[in-house]
Amino acid sequence: MKKDDPFLDPDHASDNAAVDTDVREQVGHDTIEAEVKDLERRVEEIDVALRKISKNQYGICERCKKYIPQARLKLIAEAAYDIDCEKKLRR
Ligand SMILES: [Zn+2]
């Protein structure tokens, strides 16, 4: 009886472990790829923000041309829009 129990079969156990590892590696890869894309987007936004500083346009909303509140810029230094415009654009 004991020989037929799949949980006691050493080969079965190692098969399961291999599948788990594959799934974890795949998820880890996707997460890293998404994070890299996120970072690349941020670098672009920071680059744009730096160019605005040199043109004296930093902190001005790209959509409505109003000043972006300091509190928002402290949180997101590279923000291109104030909160109202950001919400409208994301809809
Ligand atoms: Zn705006």
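**Note on the zinc site and its chain**

1. C61 counts as buried, since its relative accessibility is 1%, and this places the residue under the 20% relative accessible area that defines the buried class. The model under discussion is a predicted one, and the accessibility values should be read as computed from it.

2. C64, by contrast, has a relative accessible area of 30% and is therefore partly exposed, because that class covers the range between the 20% limit for buried and the 50% limit for exposed residues.

3. Both cysteines belong to the zinc site, where the ion is coordinated by the SG atoms of C61, C64 and C85 together with an OD atom of D82, at 1.9 to 2.2 Å. Along the sequence, these donor residues follow the spacing C-x2-C-x17-D-x2-C.

4. The geometry of the zinc site is tetrahedral, the angles among its four donor atoms running from 91 to 128°. For reference, the ideal angle for four tetrahedral donors at a metal is 109.5 degrees.

5. As for the fold, the protein chain contains three helices and zero strands, so that, by the DSSP runs used to define the elements, the order from the N terminus reads α-α-α.

6. Of the contacts between residues at least 6 apart in sequence, 21% link residues at least 24 apart.

Note on methods
Residues numbered from 1 in each chain as written. Predicted model: local features only at pLDDT ≥ 70, side-chain atom pairs only at ≥ 80, totals over all residues. Heavy atoms only, no water. Helix = DSSP H or I, 4+ residues; strand = E, 2+ residues; numbered from the N terminus. Contact = heavy atoms within 4.5 Å. Donors = N, O, S within 2.8 Å, 3.2 Å for Na, K, Ca; no water. Tetrahedral: all angles 85-135°; square planar, octahedral: opposite > 155°, others 65-115°. Buried < 20%, exposed > 50% of the residue type's maximum accessible area, 1.4 Å probe, protein only.
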